[in-house]
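Open the model in your viewer and keep the selection panel at hand. The stops below say what to select and what is there.

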Amino acid sequence: MAKDDFTSAVKDRMAKRVGMRCSNPDCRSPTSGPDADLGVTNTGVAAHISAASPGGARYDPEMTSEARSDITNGIWLCQLHAKLIDDDELTYPSSLLRDWKDTAERMAALEARGFTVRRAAPFPDLERKAPKLIAEMREDLRGQPLVRQFITLSRKVTYNGSSTPSFHYFDEDHDYLPSIMTIMIHAGAIYDITFNRVPRYNFREEFVEYLIGNG
């Protein structure tokens with residue numbers, strides 16, 4: 001049986017309605033850019049919410065052929081998430097994908113009007129999980145508001161340092177410090193820049209603003 005694919009015009013419209021970005025709200029990776037020949041490269045995928053043919057993810061036998069190939073049954077994704085939603089349809093049901101699509105279109109509409117849109121960062125919850133560490137970070141940043149790098153290590157280890165200004169936080173002072181770092185990364189507060197096997201991180205600006213304001 002032939003697949004009910006989208007036309008080129010539908011794919012183009014689908015991509016532009018989300019600003020040429022992946023519709024997964026936690027991804028939103030750009031899917032278009034220049035190539036070496038002054039043209040355009042496209043890495044996005046016009047994925048089906050309900051599969052284009054029997055046996056595919058979320059296939060709905062009650063849908064007509066026209067409905068399967070309509071833009072309302074499509075979602076624009078990066079290649080990674082296009083594969084994920086078809087490999088694991090239980091985790092990615094149609095209802096979730098339609099929510100992604102609606103959210104992505106709303107975000108693109110706001111961005112087209114000049115607004116910056118990002119997921120709310122759960123920093124207050126993060127502070128409840130690690131109050132002592134967050135208090136120490138806040139105090140450090142108040143003293144040196146332009147420093148962004150920090151290192152986690154044990155007091156038993158000799159560390160020669162680097163030329164880049166940084167704060168140091170020690171395993172002995174904070175329980176489960178490596179786990180807290182993972183939670184902070186997931187919360188969008190920091191990002192990992194580990195080098196030479198030394199756990200090293202940078203604060204994200206949104207987290208710095210939460211800790212000490214933007215003044």
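Select N202 and its surroundings: beyond its neighbours within four places in sequence, N202 is in contact (heavy atoms within 4.5 Å) with R148, Q149, A189, I190, Y191 and I193. N202 belongs to strand β8, residues 200-203. Helices (H or I, at least four residues) and strands (E, at least two) are DSSP runs, numbered from the N terminus. N202 counts as buried because its relative accessibility is 15%; buried means under 20% relative accessible area, exposed over 50% and partly exposed in between, with a 1.4 Å probe and protein chains only.

Before going on, note that this is a predicted model, in which local features need pLDDT of at least 70 and side-chain atom pairs count only at pLDDT 80 or more, while totals for chains, interfaces and linings use all residues. Residues are numbered from 1 along each chain as its sequence is written, and side-chain values use heavy atoms, with hydrogens and water left out.

Next, select helix α6 (residues 131-143) and helix α8 (residues 205-212). Their axes are 9 Å apart and the packing angle is about 90°, which makes α6 roughly perpendicular to α8. Axes are lines fitted to C-alpha atoms, for helices over the stretch in contact, and angles run from 0 to 180 degrees between N-to-C directions. Angles under 35 degrees count as roughly parallel, over 145 as roughly antiparallel, 65 to 115 as roughly perpendicular and the rest as oblique. On the α6 side, show I134, M137, R138, L141 and R142; on the α8 side, show F207, V208, Y210, L211 and I212. This contact has eight nonpolar, no polar and two charged residues. Ala, Val, Leu, Ile, Met, Phe, Trp, Tyr, Cys and Pro count as nonpolar, Asp, Glu, Lys and Arg as charged, and the others, Gly among them, as polar.

L133, I134 and M137 of α6 meet L177, I180, M181 and M184 of α7. The residues of this contact divide into seven nonpolar, no polar and no charged.

Now turn to the open spaces. On a 1 Å grid over the protein atoms alone, a cavity is a set of points where a 1.4 Å probe fits but cannot get out, and a pocket is an open set with protein on both sides within 12 Å along at least five of seven lines; lining residues have an atom within 4 Å of a point. Grid points are joined across faces, edges and corners, and a volume is the space filled by probe spheres set on the points.

The largest pocket has a volume of about 630 Å³. To centre the view, select P25, R118, R119, A120 and G188, the closest to its centre among 22 lining residues. α4 gives the most to this lining, three residues. By class, the lining has 10 nonpolar, three polar and nine charged residues.

For the second largest pocket, of about 160 Å³, select K3, H48, A51, A52 and D86, which are the closest to its centre out of 13 lining residues. β3 supplies the largest share of that lining, four residues.

Which residues line the largest cavity? Select M14, R17, V18, S23, I75, W76, K101 and E105. Its volume is about 40 Å³.
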